[in-house]
Amino acid sequence: MKQIMIIGGDGFCGWPTALHLSSKGHDVTIVDNLSRRAIDEELGANSLTPIESIETRIAAWKEVSGRDIAFLKIDIAKDYTALEAAMASLRPDTIIHFGEQRAAPYSMKSPVEKCYTVDNNIGATHNLLCAVAGLGLDPHIIHLGTMGVYGYDDDGLEIPEGYLRVYIPGDDKTLFQRDILYPTNPGSVYHMTKSMDQLLFQFYAKNDRLRITDLHQGIVWGTQTEETRLDDRLVNRFDYDGDYGTVLNRFLMQAAMDHPLTVHGTGGQTRAFIHIQDTVRCLALAVENEQTDTGKVRIMNQMTETHTVRDLAQVVARVTGAAIANVANPRKEAAENGLRVSNQSFRALGLNPITLEDGLLAETNEIARRFAHRCNPEMIPCVSTWTDNQQPGVVRPVAATRSIAA
(Lines give C-alpha, C1' and ligand atoms only; values in the text may rest on other atoms or scores of the structure.)
Protein backbone atom coordinates (compact mmCIF):
# COMPACT_ATOMS: atom_id res chain seq x y z
CA MET A 1 0.00 0.00 0.00
CA LYS A 2 1.33 3.42 -0.98
CA GLN A 3 0.54 6.98 0.02
CA ILE A 4 -0.34 8.53 -3.34
CA MET A 5 -0.88 12.21 -4.14
CA ILE A 6 -2.77 12.79 -7.39
CA ILE A 7 -2.44 16.35 -8.64
CA GLY A 8 -5.34 17.12 -10.96
CA GLY A 9 -7.32 14.18 -9.60
CA ASP A 10 -10.72 15.73 -10.41
CA GLY A 11 -10.13 15.67 -14.18
CA PHE A 12 -10.90 13.33 -17.07
CA CYS A 13 -7.87 11.07 -16.50
CA GLY A 14 -7.21 11.98 -12.87
CA TRP A 15 -10.60 11.01 -11.42
CA PRO A 16 -10.79 7.43 -12.75
CA THR A 17 -7.11 6.98 -11.85
CA ALA A 18 -7.83 8.06 -8.26
CA LEU A 19 -10.68 5.53 -8.00
CA HIS A 20 -8.66 2.72 -9.57
CA LEU A 21 -5.67 3.19 -7.27
CA SER A 22 -7.95 3.55 -4.24
CA SER A 23 -9.69 0.29 -5.21
CA LYS A 24 -6.29 -1.41 -5.21
CA GLY A 25 -5.81 -0.44 -1.56
CA HIS A 26 -3.64 2.68 -1.84
CA ASP A 27 -4.21 5.78 0.28
CA VAL A 28 -5.13 8.48 -2.22
CA THR A 29 -5.16 12.25 -1.78
CA ILE A 30 -6.44 14.42 -4.62
CA VAL A 31 -4.88 17.87 -4.98
CA ASP A 32 -6.80 20.04 -7.44
CA ASN A 33 -7.79 23.68 -7.94
CA LEU A 34 -10.97 22.62 -9.82
CA SER A 35 -9.91 24.78 -12.77
CA ARG A 36 -11.38 22.37 -15.32
CA ARG A 37 -14.83 23.05 -13.86
CA ALA A 38 -14.16 26.80 -14.09
CA ILE A 39 -13.16 26.45 -17.76
CA ASP A 40 -16.45 24.64 -18.38
CA GLU A 41 -18.27 27.70 -17.07
CA GLU A 42 -16.09 29.98 -19.16
CA LEU A 43 -16.76 28.05 -22.38
CA GLY A 44 -20.42 27.31 -21.66
CA ALA A 45 -19.78 23.66 -22.54
CA ASN A 46 -20.26 21.37 -19.58
CA SER A 47 -19.41 17.69 -19.76
CA LEU A 48 -22.09 15.73 -21.61
CA THR A 49 -22.26 13.48 -18.56
CA PRO A 50 -23.44 15.25 -15.37
CA ILE A 51 -20.46 15.73 -13.03
CA GLU A 52 -21.17 15.98 -9.32
CA SER A 53 -19.18 18.18 -6.95
CA ILE A 54 -15.87 16.76 -5.78
CA GLU A 55 -17.33 16.36 -2.28
CA THR A 56 -20.29 14.33 -3.62
CA ARG A 57 -17.99 12.22 -5.76
CA ILE A 58 -15.75 11.34 -2.83
CA ALA A 59 -18.73 10.58 -0.57
CA ALA A 60 -20.24 8.32 -3.25
CA TRP A 61 -16.95 6.44 -3.57
CA LYS A 62 -16.91 5.89 0.19
CA GLU A 63 -20.46 4.47 0.00
CA VAL A 64 -19.75 1.99 -2.78
CA SER A 65 -16.19 0.98 -1.87
CA GLY A 66 -15.72 1.69 1.83
CA ARG A 67 -12.53 3.52 0.87
CA ASP A 68 -11.61 7.12 1.73
CA ILE A 69 -10.11 9.59 -0.72
CA ALA A 70 -8.86 12.89 0.71
CA PHE A 71 -9.12 16.20 -1.14
CA LEU A 72 -7.03 19.37 -0.90
CA LYS A 73 -7.96 22.41 -2.96
CA ILE A 74 -4.60 23.91 -3.97
CA ASP A 75 -3.51 25.75 -7.11
CA ILE A 76 -0.01 24.30 -7.30
CA ALA A 77 1.03 26.70 -10.05
CA LYS A 78 0.34 29.71 -7.81
CA ASP A 79 0.42 28.58 -4.18
CA TYR A 80 3.85 27.04 -3.66
CA THR A 81 3.62 27.37 0.13
CA ALA A 82 0.40 25.32 0.32
CA LEU A 83 1.83 22.68 -2.01
CA GLU A 84 5.01 22.38 0.05
CA ALA A 85 3.01 22.13 3.28
CA ALA A 86 0.81 19.37 1.83
CA MET A 87 3.84 17.39 0.70
CA ALA A 88 5.62 17.82 4.03
CA SER A 89 2.52 16.56 5.84
CA LEU A 90 1.64 13.63 3.55
CA ARG A 91 5.17 12.58 2.59
CA PRO A 92 3.76 10.67 -0.40
CA ASP A 93 5.41 7.56 -1.80
CA THR A 94 4.07 8.42 -5.26
CA ILE A 95 3.04 11.71 -6.85
CA ILE A 96 1.00 11.56 -10.06
CA HIS A 97 0.97 14.83 -11.97
CA PHE A 98 -2.13 15.50 -14.11
CA GLY A 99 -2.32 19.16 -13.06
CA GLU A 100 -1.97 20.86 -16.45
CA GLN A 101 -4.32 22.50 -18.95
CA ARG A 102 -4.66 19.64 -21.43
CA ALA A 103 -6.40 20.92 -24.57
CA ALA A 104 -4.43 21.97 -27.66
CA PRO A 105 -7.31 23.98 -29.22
CA TYR A 106 -7.95 25.84 -25.94
CA SER A 107 -4.25 26.73 -25.74
CA MET A 108 -4.52 28.38 -29.19
CA LYS A 109 -7.75 30.37 -28.70
CA SER A 110 -6.13 33.75 -27.98
CA PRO A 111 -3.13 35.30 -26.20
CA VAL A 112 -5.06 34.94 -22.91
CA GLU A 113 -5.34 31.15 -23.17
CA LYS A 114 -1.79 30.83 -24.51
CA CYS A 115 -0.36 32.69 -21.53
CA TYR A 116 -2.58 30.82 -19.08
CA THR A 117 -1.48 27.45 -20.49
CA VAL A 118 2.21 28.31 -20.22
CA ASP A 119 1.95 29.91 -16.77
CA ASN A 120 -0.19 27.09 -15.37
CA ASN A 121 1.56 24.10 -16.91
CA ILE A 122 5.17 25.15 -16.53
CA GLY A 123 4.56 26.76 -13.13
CA ALA A 124 2.81 23.67 -11.82
CA THR A 125 5.51 21.28 -13.01
CA HIS A 126 8.39 23.36 -11.70
CA ASN A 127 6.74 24.05 -8.34
CA LEU A 128 6.18 20.33 -7.88
CA LEU A 129 9.78 19.42 -8.69
CA CYS A 130 11.18 22.29 -6.63
CA ALA A 131 9.10 21.33 -3.58
CA VAL A 132 10.14 17.67 -3.73
CA ALA A 133 13.81 18.61 -4.03
CA GLY A 134 13.60 21.32 -1.37
CA LEU A 135 11.94 19.03 1.17
CA GLY A 136 14.40 16.22 0.52
CA LEU A 137 11.59 13.75 -0.26
CA ASP A 138 12.02 10.69 -2.46
CA PRO A 139 8.67 9.96 -4.09
CA HIS A 140 8.27 8.34 -7.46
CA ILE A 141 6.93 11.16 -9.66
CA ILE A 142 4.70 10.04 -12.54
CA HIS A 143 3.75 12.67 -15.12
CA LEU A 144 1.08 12.35 -17.79
CA GLY A 145 2.67 13.72 -20.93
CA THR A 146 1.58 13.43 -24.54
CA MET A 147 2.57 11.77 -27.79
CA GLY A 148 2.09 15.21 -29.33
CA VAL A 149 5.56 16.32 -28.21
CA TYR A 150 6.96 14.23 -31.07
CA GLY A 151 4.94 15.99 -33.77
CA TYR A 152 3.56 14.32 -36.87
CA ASP A 153 6.14 14.79 -39.61
CA ASP A 154 5.95 11.20 -40.88
CA ASP A 155 9.68 10.55 -41.12
CA GLY A 156 8.94 6.86 -41.52
CA LEU A 157 10.74 6.01 -38.28
CA GLU A 158 9.25 4.18 -35.35
CA ILE A 159 9.10 6.71 -32.52
CA PRO A 160 11.12 5.27 -29.62
CA GLU A 161 10.25 5.66 -25.96
CA GLY A 162 11.67 9.08 -25.32
CA TYR A 163 15.30 8.69 -26.26
CA LEU A 164 17.24 8.59 -29.49
CA ARG A 165 20.66 6.93 -29.63
CA VAL A 166 23.14 9.03 -31.56
CA TYR A 167 26.83 8.71 -32.37
CA ILE A 168 28.96 11.85 -32.40
CA PRO A 169 32.43 11.86 -34.00
CA GLY A 170 35.22 13.35 -31.88
CA ASP A 171 38.26 15.24 -33.13
CA ASP A 172 40.17 11.97 -33.55
CA LYS A 173 37.20 10.40 -35.35
CA THR A 174 36.29 8.33 -32.29
CA LEU A 175 32.54 7.82 -32.10
CA PHE A 176 30.87 8.81 -28.83
CA GLN A 177 27.51 7.25 -28.03
CA ARG A 178 24.82 9.41 -26.45
CA ASP A 179 21.13 8.89 -25.67
CA ILE A 180 19.39 12.23 -26.20
CA LEU A 181 15.76 13.20 -25.80
CA TYR A 182 13.94 12.42 -29.03
CA PRO A 183 13.65 15.81 -30.79
CA THR A 184 10.36 17.50 -30.03
CA ASN A 185 8.15 19.11 -32.64
CA PRO A 186 5.16 20.54 -30.76
CA GLY A 187 2.05 21.45 -32.71
CA SER A 188 0.42 23.82 -30.21
CA VAL A 189 1.20 25.89 -27.13
CA TYR A 190 -0.12 23.02 -25.01
CA HIS A 191 2.26 20.55 -26.67
CA MET A 192 5.06 23.07 -26.29
CA THR A 193 4.57 23.10 -22.51
CA LYS A 194 4.80 19.32 -22.43
CA SER A 195 8.04 19.55 -24.41
CA MET A 196 9.36 22.04 -21.85
CA ASP A 197 8.31 19.66 -19.06
CA GLN A 198 10.79 17.16 -20.45
CA LEU A 199 13.71 19.55 -19.88
CA LEU A 200 12.55 20.29 -16.34
CA PHE A 201 12.41 16.57 -15.61
CA GLN A 202 15.79 15.99 -17.19
CA PHE A 203 17.40 18.68 -15.02
CA TYR A 204 15.87 17.62 -11.69
CA ALA A 205 16.57 13.93 -12.35
CA LYS A 206 20.21 14.75 -13.04
CA ASN A 207 20.73 17.48 -10.44
CA ASP A 208 18.59 16.26 -7.52
CA ARG A 209 18.29 12.57 -8.41
CA LEU A 210 14.49 12.75 -8.50
CA ARG A 211 12.86 9.54 -9.68
CA ILE A 212 10.60 10.49 -12.57
CA THR A 213 8.49 8.55 -15.07
CA ASP A 214 7.07 10.55 -18.00
CA LEU A 215 4.15 8.87 -19.77
CA HIS A 216 3.70 10.05 -23.35
CA GLN A 217 0.02 9.30 -23.86
CA GLY A 218 -2.04 9.06 -27.03
CA ILE A 219 -5.54 10.46 -27.48
CA VAL A 220 -7.88 8.98 -24.88
CA TRP A 221 -11.21 7.58 -26.00
CA GLY A 222 -14.08 6.17 -23.97
CA THR A 223 -15.68 7.51 -20.83
CA GLN A 224 -16.21 4.89 -18.16
CA THR A 225 -13.94 2.57 -16.22
CA GLU A 226 -14.81 -0.35 -13.95
CA GLU A 227 -14.91 1.99 -10.95
CA THR A 228 -16.80 4.94 -12.48
CA ARG A 229 -19.59 2.56 -13.59
CA LEU A 230 -20.39 1.61 -9.98
CA ASP A 231 -22.57 4.67 -9.32
CA ASP A 232 -23.95 7.48 -11.51
CA ARG A 233 -22.38 9.99 -9.13
CA LEU A 234 -18.95 8.63 -10.09
CA VAL A 235 -19.44 9.04 -13.85
CA ASN A 236 -16.44 10.33 -15.75
CA ARG A 237 -16.29 13.37 -18.02
CA PHE A 238 -17.46 13.23 -21.64
CA ASP A 239 -16.13 16.33 -23.41
CA TYR A 240 -17.64 16.92 -26.84
CA ASP A 241 -16.90 20.58 -27.58
CA GLY A 242 -14.42 21.83 -30.16
CA ASP A 243 -11.80 22.69 -27.54
CA TYR A 244 -11.79 19.72 -25.14
CA GLY A 245 -13.65 16.99 -26.99
CA THR A 246 -11.23 14.30 -28.17
CA VAL A 247 -11.93 13.20 -31.70
CA LEU A 248 -13.69 9.87 -31.14
CA ASN A 249 -15.92 11.11 -28.32
CA ARG A 250 -16.77 14.15 -30.43
CA PHE A 251 -17.72 11.95 -33.39
CA LEU A 252 -19.97 9.78 -31.22
CA MET A 253 -21.74 12.78 -29.75
CA GLN A 254 -22.25 14.27 -33.20
CA ALA A 255 -23.77 10.98 -34.37
CA ALA A 256 -26.12 10.98 -31.36
CA MET A 257 -27.27 14.49 -32.33
CA ASP A 258 -27.75 13.54 -36.02
CA HIS A 259 -24.95 15.98 -36.79
CA PRO A 260 -22.40 15.15 -39.51
CA LEU A 261 -19.06 13.87 -38.27
CA THR A 262 -16.74 16.83 -38.78
CA VAL A 263 -13.45 15.62 -40.26
CA HIS A 264 -10.75 18.29 -40.35
CA GLY A 265 -9.18 18.64 -43.78
CA THR A 266 -8.68 15.33 -45.57
CA GLY A 267 -8.77 13.35 -42.33
CA GLY A 268 -5.39 11.85 -43.18
CA GLN A 269 -3.88 12.79 -39.82
CA THR A 270 -2.71 9.63 -38.03
CA ARG A 271 -2.97 9.69 -34.26
CA ALA A 272 -2.23 7.32 -31.39
CA PHE A 273 -5.15 6.21 -29.20
CA ILE A 274 -5.78 4.55 -25.85
CA HIS A 275 -8.98 3.68 -23.97
CA ILE A 276 -9.52 5.38 -20.61
CA GLN A 277 -9.58 1.96 -18.90
CA ASP A 278 -6.09 1.29 -20.24
CA THR A 279 -4.98 4.74 -19.07
CA VAL A 280 -5.74 3.85 -15.46
CA ARG A 281 -4.19 0.40 -15.87
CA CYS A 282 -1.00 1.96 -17.22
CA LEU A 283 -0.87 4.38 -14.29
CA ALA A 284 -1.24 1.46 -11.89
CA LEU A 285 1.54 -0.43 -13.67
CA ALA A 286 3.78 2.64 -13.42
CA VAL A 287 3.02 2.92 -9.69
CA GLU A 288 3.79 -0.74 -9.09
CA ASN A 289 7.00 -0.68 -11.16
CA GLU A 290 8.90 2.28 -9.77
CA GLN A 291 11.65 4.16 -11.52
CA THR A 292 14.98 3.62 -9.80
CA ASP A 293 17.35 6.44 -8.89
CA THR A 294 19.40 6.53 -12.08
CA GLY A 295 19.53 10.26 -12.71
CA LYS A 296 17.66 9.64 -15.96
CA VAL A 297 13.96 10.11 -16.62
CA ARG A 298 12.08 6.98 -17.63
CA ILE A 299 9.88 7.72 -20.64
CA MET A 300 7.12 5.32 -21.68
CA ASN A 301 4.75 5.64 -24.64
CA GLN A 302 1.23 5.13 -23.32
CA MET A 303 -0.80 4.18 -26.38
CA THR A 304 -2.33 1.04 -27.85
CA GLU A 305 -3.18 1.64 -31.51
CA THR A 306 -3.04 4.21 -34.32
CA HIS A 307 -5.73 5.35 -36.75
CA THR A 308 -6.24 8.13 -39.25
CA VAL A 309 -9.06 10.52 -38.40
CA ARG A 310 -10.64 9.57 -41.74
CA ASP A 311 -10.72 5.87 -40.86
CA LEU A 312 -12.01 6.65 -37.39
CA ALA A 313 -14.92 8.58 -38.88
CA GLN A 314 -15.72 5.64 -41.14
CA VAL A 315 -15.82 3.29 -38.13
CA VAL A 316 -18.27 5.56 -36.31
CA ALA A 317 -20.33 6.07 -39.47
CA ARG A 318 -20.70 2.31 -39.94
CA VAL A 319 -21.83 1.85 -36.34
CA THR A 320 -24.20 4.83 -36.17
CA GLY A 321 -25.26 5.62 -39.73
CA ALA A 322 -23.97 9.17 -39.40
CA ALA A 323 -22.94 11.31 -42.34
CA ILE A 324 -19.36 12.53 -42.72
CA ALA A 325 -18.53 16.14 -43.62
CA ASN A 326 -15.06 17.46 -44.36
CA VAL A 327 -14.44 20.88 -42.84
CA ALA A 328 -11.58 23.36 -42.96
CA ASN A 329 -8.75 22.24 -40.70
CA PRO A 330 -8.20 24.85 -37.96
CA ARG A 331 -4.76 23.42 -37.16
CA LYS A 332 -1.47 24.14 -38.86
CA GLU A 333 -0.35 20.62 -39.75
CA ALA A 334 0.32 18.27 -42.62
CA ALA A 335 -2.80 17.08 -44.43
CA GLU A 336 -1.57 13.46 -44.32
CA ASN A 337 0.90 11.72 -42.04
CA GLY A 338 1.86 8.25 -40.90
CA LEU A 339 2.77 7.27 -37.36
CA ARG A 340 4.65 4.30 -35.91
CA VAL A 341 5.14 4.19 -32.16
CA SER A 342 6.92 1.79 -29.80
CA ASN A 343 4.95 0.81 -26.70
CA GLN A 344 7.08 -2.13 -25.61
CA SER A 345 7.50 -0.97 -22.00
CA PHE A 346 3.84 -1.36 -21.06
CA ARG A 347 3.51 -4.51 -23.14
CA ALA A 348 6.42 -5.99 -21.19
CA LEU A 349 4.71 -5.07 -17.92
CA GLY A 350 1.65 -7.08 -18.92
CA LEU A 351 -0.73 -4.57 -20.52
CA ASN A 352 -3.32 -6.35 -22.65
CA PRO A 353 -4.83 -3.35 -24.44
CA ILE A 354 -8.42 -2.62 -25.32
CA THR A 355 -8.89 -1.77 -29.00
CA LEU A 356 -11.71 -0.19 -30.96
CA GLU A 357 -12.71 -3.66 -32.16
CA ASP A 358 -13.34 -4.92 -28.62
CA GLY A 359 -16.92 -3.65 -28.38
CA LEU A 360 -16.42 -0.78 -25.95
CA LEU A 361 -17.19 1.63 -28.77
CA ALA A 362 -20.83 0.62 -28.25
CA GLU A 363 -20.65 1.55 -24.55
CA THR A 364 -19.29 4.99 -25.38
CA ASN A 365 -21.95 5.41 -28.06
CA GLU A 366 -24.62 4.53 -25.47
CA ILE A 367 -23.28 7.24 -23.13
CA ALA A 368 -23.44 9.79 -25.96
CA ARG A 369 -27.06 8.93 -26.77
CA ARG A 370 -28.17 8.70 -23.14
CA PHE A 371 -27.04 12.24 -22.37
CA ALA A 372 -27.55 13.85 -25.79
CA HIS A 373 -30.20 16.15 -24.32
CA ARG A 374 -27.45 17.91 -22.36
CA CYS A 375 -25.53 18.86 -25.50
CA ASN A 376 -25.11 22.49 -26.52
CA PRO A 377 -25.00 22.23 -30.35
CA GLU A 378 -23.29 25.61 -30.64
CA MET A 379 -20.19 24.10 -29.02
CA ILE A 380 -19.76 21.36 -31.63
CA PRO A 381 -17.53 23.20 -34.15
CA CYS A 382 -13.88 23.84 -33.38
CA VAL A 383 -13.48 27.61 -33.66
CA SER A 384 -9.97 27.90 -32.20
CA THR A 385 -7.57 28.44 -35.10
CA TRP A 386 -3.80 28.16 -35.19
CA THR A 387 -3.20 31.27 -37.32
CA ASP A 388 -5.22 34.41 -38.08
CA ASN A 389 -5.70 33.54 -41.75
CA GLN A 390 -7.37 30.19 -41.05
CA GLN A 391 -11.10 29.64 -41.02
CA PRO A 392 -12.95 27.85 -38.20
CA GLY A 393 -14.09 24.31 -38.85
CA VAL A 394 -17.59 25.13 -40.09
CA VAL A 395 -19.57 22.25 -41.54
CA ARG A 396 -19.74 22.43 -45.32
CA PRO A 397 -21.52 20.16 -47.80
CA VAL A 398 -18.28 19.51 -49.69
CA ALA A 399 -17.34 15.81 -49.76
CA ALA A 400 -20.15 14.86 -47.41
CA THR A 401 -21.06 11.17 -47.56
CA ARG A 402 -23.65 8.91 -45.97
CA SER A 403 -22.71 5.50 -44.59
CA ILE A 404 -25.06 2.66 -43.88
CA ALA A 405 -25.24 1.45 -40.27
CA ALA A 406 -23.64 -1.91 -39.70
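**Sheet, helices and salt bridges**

Modeller: Keep in mind that this is a predicted model. I would begin with an open sheet of three strands, which has mixed pairing and the order β10-β12-β14.

Biologist: Which strands stand at the edges?
Modeller: Those are β10 (219–221) and β14 (305–308), and each has a single partner strand, so one side of each is left without a neighbour in the sheet. On average, and with direction ignored, neighbouring strands of this sheet are turned by 45 degrees against each other.

Biologist: How many bridges join β12 to β14?
Modeller: There are four bridges between strand β12, residues 270–275, and β14, and these two strands run antiparallel. One example is Thr270, whose bridge partner in β14 is Thr308.

Biologist: And what lies across β12 and β14?
Modeller: That is α10, which runs at about 90 degrees to β14. Helix α10 (residues 309–320) also packs with helix α8 (residues 247–256), at an angle of about 35 degrees and with the axes 10 Å apart. The crossing in which α8 passes α10 is right-handed.

Biologist: Which residues meet there?
Modeller: From α8 come Val247, Leu248, Phe251, Leu252 and Ala255, and they meet Val309, Leu312, Ala313, Val316 and Thr320 of α10.

Biologist: Changing topic, how many salt bridges does the count come to?
Modeller: The count comes to 22 salt bridges. In one of them, the side chains of Arg67 and Asp27 meet at 3.7 Å, N to O. This pair links distant parts of the chain, 40 residues apart, with Arg67 in the loop between α3 (54–65) and β3 (69–73) and Asp27 in strand β2 (residues 27–32).

Biologist: What about Asp40, what does it form a salt bridge with?
Modeller: Asp40 pairs with Arg36, and their closest N and O atoms are 2.9 Å apart. Both sit in helix α2 (residues 35–43), and because they are four residues apart, about one helical turn separates them.

Biologist: Is Asp40 buried or exposed?
Modeller: Asp40 is buried, with a relative accessible area of 6%, and Arg36 is buried too, with a relative accessible area of 14%. Arg36 and Asp40 also belong to a network of salt bridges that links them with Arg102, Arg237 and Asp239.

Key:
Residues numbered from 1 in each chain as written. Predicted model: local features only at pLDDT ≥ 70, side-chain atom pairs only at ≥ 80, totals over all residues. Heavy atoms only, no water. Axes fitted to C-alpha atoms, helices over the stretch in contact; angles between N-to-C directions. Left-handed = near helix turned anticlockwise from the far one by under 90°. Contact = heavy atoms within 4.5 Å. Pairing = 2+ DSSP bridges. Salt bridge = Lys/Arg side-chain N within 4 Å of Asp/Glu carboxyl O. Buried < 20%, exposed > 50% of the residue type's maximum accessible area, 1.4 Å probe, protein only.
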